[in-house]
Amino acid sequence: MLKAVGMPGSRLGRVTWMLEEIGEPYEIVPCKPHDETIKALNPSGKMPALIDGDFVLVDSGAIVGYLADKYAPTILSAPSGTRERAMIDSFVQFAQSELESGPWHKAQNRFVLPEHLRRDVDDLVAYEFGTACHALEARLGDRSYAVDERFTIADLMLGHCAAWARMARLEISSPALNAYFDSILDRPALARARAREAEAKAAAG
Ligand SMILES: N[C@@H](CCC(=O)N[C@@H](CS)C(=O)NCC(=O)O)C(=O)O
């Protein structure tokens, strides 16, 4: 059975959401960053990781892409070499290199980095996140989904960043962008993933 390793409420959510979208059975292995379980899978001690038999994959965007290619290539992604796939990859990379920068820098400076390295980055974070939202709004235009007028892993990755940003109380000022995120975050698969993570967290104590 597929295993999703990581701390509930983290980027693990991209993996559990994806697993719910594809409907494959899976188990959550809860662990904290840098503990022995995750260090055995990822030398950086960062999570999440996916275990698929004897195959271990780290980095949430790659995991989501792998699961799409393996279990739902034409539903949640598109064949490699097509323009649709290139656009999906572009949005997935945008999510990880631009949209998540704001919430990630905020988290790093609130509770991830060693205390002596933490700084007040609120202005930087607001600027980074605002700029990324502005760019995303322009890229989406009046479409309901990032690519192809259907839900793909591009929307999943963008939506996860938005949920994280909202939790971190970063402002999303555009009504159009908020409407896009609301519709993506309304996916039943996400609600199921959150329930599974809450169960796993409670069981781990
Ligand atoms: N590129 C990685 C980043 C993983 C990452 O930074 N995970 C965070 C939790 S969401 C973590 O383990 N942080 C611990 C640290 O940075 O020391 C991914 O997308 O999976």
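**View 1. Surroundings of the ligand in the predicted model.** The ligand is surrounded by S10, R11, P33, H34, K46, M47, P48, D59, S60, Q96, W104 and V112, where a residue counts as near a molecule if one of its heavy atoms lies within 4 Å of it. This is a predicted model, in which local features need pLDDT of at least 70 and side-chain atom pairs count only at pLDDT 80 or more, while totals for chains, interfaces and linings use all residues. Residues are numbered from 1 along each chain as its sequence is written, and side-chain values use heavy atoms, with hydrogens and water left out.

View 2. A polar side-chain atom of H34 lies 2.6 Å from an oxygen atom of the ligand, an N or O atom in the side chain of S60 is 2.6 Å from a ligand oxygen atom, and for R11 a polar side-chain atom lies 3.0 Å from an oxygen atom of the ligand. Taken alone, the ligand exposes 510 Å², of which the protein buries 84%, with accessible areas from the Shrake-Rupley method and a 1.4 Å probe.

**View 3. H160 in helix α7.** H160 has its place in helix α7, residues 153–167, helices being DSSP runs (H or I, at least four residues) numbered from the N terminus. With a relative accessibility of 12%, H160 counts as buried, a term that means under 20% relative accessible area (1.4 Å probe, protein chains only). The H160 side chain reaches the backbone oxygen of S10 at 3.5 Å. Not counting residues up to four places away in sequence, H160 touches S10, R11, G13, R14 and W17, contact meaning heavy atoms within 4.5 Å.

**View 4. The largest nonpolar core.** This core has 56 residues, and those with the most contacts inside it are W17, M18, L99, L136, L158 and F181; a nonpolar core is a set of buried Ala, Val, Leu, Ile, Met, Phe, Trp, Tyr and Cys residues joined through side-chain atoms within 4.5 Å. Helix α7 gives the most to this core, with nine residues. Domain 1 (2–75 + 189–204) and domain 2 (83–186) both give residues to the core, so it lies between them, the domain bounds coming from an automatic or database domain assignment.

Methods: Helix = DSSP H or I, 4+ residues; strand = E, 2+ residues; numbered from the N terminus. Buried < 20%, exposed > 50% of the residue type's maximum accessible area, 1.4 Å probe, protein only. Polar contact = N/O pair within 3.5 Å; in protein donor to acceptor, adjacent residues only side chain to side chain.
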